[in-house]
Amino acid sequence: MAIIRRQEPDPVSVEWTEGRIGSLLNTHLFRRDYLVVVPNCHFASYEADLLAVSKNLRLVDVEIKISRSDLKADAKKGKWQGGDRWEFCDQEKRHVRAGTWSTDWPPRIWKHYYAMPAEIWKDELFECLPSEKSGVLLLRHDGMHFICRVHRPAKPQRNAATLTNEEVVNVARLASLRMWSVIEKREPAPPAKEEAEADDWAI
């Protein structure tokens, strides 16, 4: 169990959102043993709510849910349907079929988790999950602290491929783009006269 010591202005009422849950997991659970964590990341042929790169260069996918209906609908996503696995071939300069991927894990994923507020979870929901390999993380607020409990550990896909150096750099680039996109949204829009053409920013 992890106790996330983060004070909130109102310790009684907590509004659970995907962003809040993702921020808590990123800051307090992934900060030591993971190289980079990216929200809403389209990297492993689908968009992950939270994609983390471990120190052994493997991918961890966290699906964040804030309602039971959303959780039950997850099994319909394409990442659980199985199919051909494609990889880019440098020699042929195109993607080639490299086998198939199992529906026990999403493609290229080492560990897969569902994270959600503890109050929406019931153990009968295990039957709704598309894979018995997926772990479950439950978050709650005790009036003083946020608490995250591993209700079911994720089972690793031992044959999951490690990322190449180029792929790690690409994930880091996506994290950087996401960070600056958030910062830009928080800043007031500049006056029209201060806007610059793309060529003006060449370095």
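# Worked exercises on a predicted model

A search of the whole structure turns up 3 aromatic pairs (Phe, Tyr and Trp rings, the six-membered one for Trp, with centres within 6.5 Å; planes under 30 degrees apart are stacked, over 60 edge-to-face, the rest tilted). This is a predicted model, where local features need pLDDT of at least 70, side-chain atom pairs count only at pLDDT 80 or more, and totals for chains, interfaces and linings use all residues. Residues are numbered from 1 along each chain as its sequence is written, and side-chain values use heavy atoms, leaving out hydrogens and water.

**Exercise 1.** Work out the geometry and setting of the pair Trp16 and Phe146.

*Solution.* 
- Step 1: the ring centres of Trp16 and Phe146 sit 5.6 Å apart with 75 degrees between the planes, so the pair is edge-to-face.
- Step 2: find the partners in the chain. Trp16 is in the loop between β1 (2–4) and α1 (18–28), while Phe146 is in strand β9 (residues 146–152), so the pair links parts 130 residues apart. Helices here are DSSP runs of H or I with at least four residues, strands are runs of E with at least two, and both are numbered from the N terminus.
- Step 3: check burial. Trp16 and Phe146 are both buried (under 20% relative accessible area; exposed is over 50%, partly exposed in between, with a 1.4 Å probe and protein chains only).

**Exercise 2.** Now take Trp121 and Phe126: is each ring's residue buried or partly exposed?

*Solution.* 
- Step 1: Trp121 and Phe126 also form an edge-to-face pair, at 4.9 Å centre to centre and 75 degrees between the planes.
- Step 2: Trp121 is buried because its relative accessibility is 10%.
- Step 3: Phe126 comes out at 26%, so Phe126 is partly exposed.

**Exercise 3.** Describe the surroundings of Lys72.

*Solution.* 
- Step 1: Lys72 belongs to helix α2 (residues 68–73).
- Step 2: with 46% relative accessibility, Lys72 counts as partly exposed.
- Step 3: skip neighbours within four places in sequence, and Lys72 touches Leu125 and Cys128 (contact means heavy atoms within 4.5 Å).

**Exercise 4.** Which residues other than glycine have a positive phi, and where do they sit?

*Solution.* 
- Step 1: recall the background. Most residues other than glycine have a negative phi.
- Step 2: one case is Leu57, with a phi of about 65 degrees. Leu57 sits in the loop between β3 (47–54) and β4 (59–64) and is partly exposed at 23% relative accessibility.
- Step 3: another is Arg108, with a phi of about 75 degrees. Arg108 sits in the loop between β6 (94–101) and β7 (109–117) and is partly exposed at 29%.

**Exercise 5.** Place the elements and burial in the whole chain.

*Solution.* 
- Step 1: the chain has 3 helices and 9 strands.
- Step 2: along the sequence they run β-α-β-β-β-α-β-β-β-β-β-α.
- Step 3: of the 203 residues, 36% count as buried.
- Step 4: among contacts with a separation of 6 or more, 54% join residues 24 or more positions apart.
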